Amino acid sequence: MLVLFETPAGYAIFKLLDESKLSQIDDLYQEFNTPEGASSVVKLKNFIKFEDTTEALAATTAAIEGKISKTLKKALKKHVCKEVQDQLLVGDAKLGSAIKEKFDLQCVSNSNVQELLRCIRSQMDSLLTGLPKKEMTAMALGLAHSLSRYKLKFSPDKIDTMIVQAQCLLDDLDKELNNYVMRCREWYGWHFPELGKIITDNTLFVKIVKLMGTRDNAAKTDLSDILPEDLEEKVKEAAEISMGTEISDDDIMNIQHLCEEIISITDYRTHLTDYLKARMMAMAPNLTVLIGEHIGARLIAHSGSLMNLAKHPASTIQILGAEKALFRALKTKKDTPKYGLIYHAQLVGQSSTKNKGKMSRMLAAKAALATRVDALGDDVSFDFGAEHKVKLENKLRLLEEGNLRRISGTGKAKAKFEKYHSKSEVFEYPVAADSTIGKKPIKREHSPDEADGVKSSKKMKLEIEEDDSKPKKEKKVKSEPQEEMEINNQENGSVEATSEKKKKKKKKSLEPEAAEAEVNNEAEEQTPGQKKKKKKSLEPAAAETEVAAEQETPVSEKKKKKKKSKVEEE
């Protein structure tokens, strides 16, 4: 029975001298207390040494994945298959199944085998003769470093130092470009100040200055490749009436050299941006999809490396870049900042002011997960980042629109939302109602007060004017039937008579002559059979009406005269 033992320096094949020891596993560690006891249980048969660290790494990674490496295949063919053995003791079950399929050998992997391998490892220095301990330690250290790099997938494409340097260079280029463009605008502004107001884009401004030179050449220069027709016409018209100073050919030559430098730096910046985006997609694809290549690169540059960024919690990533504000707030015991570099991310920029804090917190949490997936995960795709970006966009839409979920199928959440959001109704002013020329007067509709029987003062005045405009004869004719009705009503009761007397007073104030006739008719029509009580109730009322009529006659007569004159003029 053979035992396959894996070491950092190579594969060792031992022969188990006493197979009964495998069943007596409880007392096996006592046999390996001394090198002599260990050599009595197992004996080294062959040792296949690795040539270099690369071969050791390939064999180790193959063993981790449950595959057979080339070195192990050669060793098994040469030393194991020649001697037909009943069983081969292997520590890894996956590796044992692979050996069984490939070489048709019966492999055993259980807890007893694991204990035996543990005992062999404790006496490995004495059992592996001819291999110095220093060499074994060096091989173990080299293999550990190589294996850790392999596990973390460290490759030339994933060196974050290049990203840090590219992002810092990009920020420096932006500052320099801004300074150069402002200098060019100020310099050329002395000669053609109107051009700076017409052309606001810096790149277009620099290209026009380089192509046109002095403003005298504006009419001859074709700017159709750079500008649209309307802007080109404006530039040429402004060049003809410009108030700028004259400059020499040497001056415009130096300005054009500056423009060439600005254009070349702009082109290099575009190339550097593409390079940074490609590097970020290769190194941190999930973080790039989630918050963008520039913000991701700034976070990596601020923390030092992608691994350092992966070690940070979400709360630290959220305020990364706002350390001064954080410590100032802690010192003064005020509110701490809600966001740092992550403020410039697309999702935070899309949210409103009240939701920026919530959005930055959610985005920082997802960015922390995405960074750990990129730094420590085996998968290189950006599915994780894209999936969580869609979720964050949906949450942002819910926050902005306020569509809260209903509680247990009722409209409670909607009612809560509508409580703090009043519905505004927009009323438009009727412009057509301003002009009343050539229109007939429109009769006003009855107000709700009038429907209840109460008339407004304006309505009463209109009715009075309509009554006054009629001829006197008609009033006298109408007064006779009214008198008869009033007399009949007086006989029905004294309560009704009082209300009718008030009506008479109003009518008598407008018609004094009719009022006098009514008093005379009442005196004639009264029969001697009527009771004295009715006469007494009528006599004081008639006296009061006569006094009121005498007081109001001069005012009413003047009004009648004025209205008659108006009617005659019309």
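This note walks through the charged pairs, cysteines, surface patches and a few individual residues of the structure above.

1. **Before you start.** Please keep in mind that this is a predicted model, in which local features need pLDDT of at least 70 and side-chain atom pairs count only at pLDDT 80 or more, while totals for chains, interfaces and linings use all residues. Residues are numbered from 1 along each chain as its sequence is written, and side-chain values use heavy atoms, with hydrogens and water left out.

2. **Salt bridges overall.** How many salt bridges does a search of the whole structure find? The search finds eight, where a salt bridge is a side-chain nitrogen of Lys or Arg within 4 Å of a carboxyl oxygen of Asp or Glu. Three of them are described below.

3. **Glu 135 with Lys 49.** These two side chains meet in a salt bridge, at 2.5 Å from N to O. Glu 135 belongs to helix H8 (residues 133-151) and Lys 49 to strand S3 (residues 42-49), so the pair ties together parts that are 86 residues apart in sequence. Helices (H or I, at least four residues) and strands (E, at least two) are DSSP runs, numbered from the N terminus. Glu 135 is partly exposed at 30% relative accessible area, and Lys 49 is also partly exposed, at 40%. Here buried means under 20% relative accessible area, exposed over 50%, and partly exposed in between (1.4 Å probe, protein chains only).

4. **Asp 171 with Arg 298.** Another salt bridge joins the side chains of Asp 171 and Arg 298, at 3.1 Å from N to O. Asp 171 sits in helix H9 (residues 160-189) and Arg 298 in helix H15 (residues 293-303), so this pair links parts that are 127 residues apart in sequence. Asp 171 is partly exposed, with a relative accessible area of 24%; Arg 298 is partly exposed at 28%.

5. Arg 183 forms a salt bridge with Glu 186, with 3.7 Å between the closest N and O atoms. Both residues lie in helix H9, three residues apart, about one turn of the helix.

6. **Cysteines.** The structure holds zero disulfides, a disulfide being a pair of cysteine sulfur atoms within 2.5 Å. Cys 259 is buried, at 0% relative accessible area. Cys 119, in helix H6 (residues 111-122), is buried too, at 5% relative accessibility. The C-alpha atoms of Cys 119 and Tyr 29 are separated by 6.2 Å, although the two residues are 90 apart along the chain.

7. **Charged patches.** Glu 229, Asp 230, Glu 233, Glu 237 and Glu 240 gather in a patch of negative charge on the surface; of these, Glu 233 lies in helix H12 (residues 229-240). A patch of positive charge on the surface gathers Lys 338, Lys 354, Lys 358 and Arg 361. Lys 338 is in the loop between helix H18 (323-332) and helix H19 (346-350), and is exposed at 52% relative accessibility. Patches are made of residues with over 30% relative accessible area and no salt bridge, with like charges joined within 9 Å and nonpolar side chains (Val, Leu, Ile, Met, Phe, Trp, Tyr) within 5 Å.

8. **A nonpolar patch.** Which residues make the nonpolar surface patch of about 240 Å²? They are Ile 159, Met 162 and Tyr 275. Met 162 is found in helix H9 and is partly exposed, with a relative accessible area of 39%.

9. **Lys 333.** This residue deserves a look at its backbone. Most residues other than glycine have a negative phi. Lys 333, however, has a positive phi, near 60°. Lys 333 lies in the loop between H18 and H19 and is exposed, at 78% relative accessible area.

10. **Glu 19.** Where is Glu 19 placed? Glu 19 is in the loop between strand S2 (10-16) and helix H1 (28-31), and is partly exposed at 47% relative accessibility. Glu 19 and Val 42 are 23 residues apart in sequence, with 9.8 Å between their C-alpha atoms.

Note on methods
Accessible areas come from the Shrake-Rupley method with a 1.4 Å probe; for residues, only the protein chains shown count as cover. Lys and Arg count as positive and Asp and Glu as negative; His and the chain ends are not counted. The place of a charge is taken as NZ of Lys, CZ of Arg, CG of Asp or CD of Glu.
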